[in-house]
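User: Can you walk me through this model? I'll ask as we go.

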Amino acid sequence: MTAIDVVPVDLTPWFAGDADDRRRVARLVDEACSTSGFLSVTGHGIDEGLIERMLEVTTAYFDLPLEEKLRHVAEDRAANRGYAAQGTEALSYSIGEESPPDLFEAFNIGREVVPEGVDEAAAAAYMAPNVWPDRPEGFRETWLAYWDAVEQLGLELVDVFAVALGQPDGWFRPFVDRSISVMRANNYERRAGAPDPLEGQLRMGAHSDYGSLTILLADRVPGLQLRGEDGSWHDVVPAPGAFLVNLGDLLAEWTNDRWRATMHRVVPPPSSVDGPVRRRSIAWFQQPNHDAVIEVLESCTSETDPPRYPVTTSGDHLMAKLMGPRELRSSTAAEEFSHR
């Protein structure tokens, strides 16, 4: 298994440079989005202390007894909130591929406060109340502070994307100003006495992300793999101090696959490796406003490359992809992306 080159992007010139510096950053982002679909982002400005606190409280939560964590399971699985125990999801169903349940546990939150302009029905469908554990101490405050930080980074990134795609400054902002984004922490841990994985069982099955972009904080532990254009899988380990940023389905739709929503997965450690081989990741998924209309950009089409995707909305696409992995069935949107 070979490693894939994820394009490193230092955002310092974007924040501190002039217009030429910002265009250079945008060109580099365009290169990354057109090749691997993943960026290794530094110069992001998020406080290292906040990142460490986020990892600490999240690890402490996953170390709680299972019986306690199960009290945080949301009754409505479509709510995308609270705790998900190991073996209750299989992400490959989102692309129409059957597989054994995945070997991860997770905890999800969404936006804490419903933005102005979101009606009651939309709030109920896409912005369910968060489920907060009583411990560890500082969990809620740390998660909300981290959310604010990565959401701001996500807004800066879509501004870079607008420049990279030749759109007016801030073009994407109206699509994400009431976003139905979600943040999910995953814990991959082979506990003592655990049986070997079933045939074809992964820590997280192959999938593409559903929204516009993902900001991923992850341990530098092997397991994450990206699928190359030749169909083979390549290892990716985050660089020190960097976030991995990848594109979701909706950016691929907007750009008519000029930019890639790359398939990725997390594989179990080899059976020859002793110990738990723990891997933690925290992903903030930018999902545009529920009613944001996603239509292929005219600049990304031609007579020989007409639009490949029908017009959809962010909310409709999310629900079409979300429930398959949770009900262990093929997602209704799977066929739409079968050409990838």
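Analyst: One definition to begin with: the expected span of a helix is 1.5 Å times one less than its number of residues. This is a predicted model. Helix α3, residues 48–62, has 15 residues and reaches 21 Å from its first C-alpha to its last, close to the 21 Å expected.

User: Which residues of α3 are buried?
Analyst: The buried residues of α3 are Leu50, Ile51, Met54, Leu55, Val57, Thr58, Thr59, Tyr61 and Phe62.

User: What caps the N-terminal end of α3?
Analyst: Asp47 does. A side-chain oxygen of Asp47 lies 3.1 Å from the backbone nitrogen of Gly49.

User: And α6, what does its span look like?
Analyst: α6 has 26 residues and covers 37 Å between its first and last C-alpha, close to the 38 Å expected at 1.5 Å a residue. Just after α6 comes Gly166, with a positive phi of about 70°.

User: Switching to strands. Is β2 mostly covered or mostly open?
Analyst: Strand β2, residues 38–42, is mostly covered, with four of its five residues buried.

User: Which strands does β2 pair with, and in what sense?
Analyst: With β1 (residues 7–10), β2 pairs in the parallel sense over four bridges. With β10 (residues 243–247), β2 runs antiparallel, and four bridges join them.

User: Which peptide bond is cis?
Analyst: The one from Arg135 to Pro136 is cis, with omega near 10°. Pro136 is in the loop between α5 (120–126) and α6 (139–164).

User: What about phi at Asn80?
Analyst: Asn80 is not a glycine, yet its phi is positive, about 60°. Asn80 lies in the loop between α4 and β3 (82–84).

User: Is Asn80 buried or exposed?
Analyst: Asn80 counts as buried because its relative accessibility is 9%, and the cut-off for buried is under 20%.

User: And Asn256, where is that?
Analyst: Asn256 is in the loop between α8 (249–254) and β11 (264–266). Its phi is near 55°, again a positive value in a residue other than glycine. At 1% relative accessibility, Asn256 is therefore classed as buried.

User: Last one: where is Leu297, and how far is it from Val266?
Analyst: Leu297 is in the loop between β13 (293–294) and β14 (312–313). Leu297 and Val266 are 31 residues apart in sequence, and their C-alpha atoms are 32 Å apart in space. Leu297 has 7% relative accessibility, so it counts as buried.

How values were computed: Residues are numbered from 1 along each chain as its sequence is written. This is a predicted model: local features need pLDDT of at least 70, side-chain atom pairs count only at pLDDT 80 or more; totals for chains, interfaces and linings use all residues. Side-chain values use heavy atoms; hydrogens and water are left out. Buried means under 20% relative accessible area, exposed over 50%, partly exposed in between (1.4 Å probe, protein chains only). Helices (H or I, at least four residues) and strands (E, at least two) are DSSP runs, numbered from the N terminus. Two strands pair if DSSP finds at least two bridges between them. A polar contact is a pair of N or O atoms within 3.5 Å; within protein, one must be able to donate a hydrogen and the other to accept it, and residues adjacent in sequence count only if both atoms are side-chain atoms.
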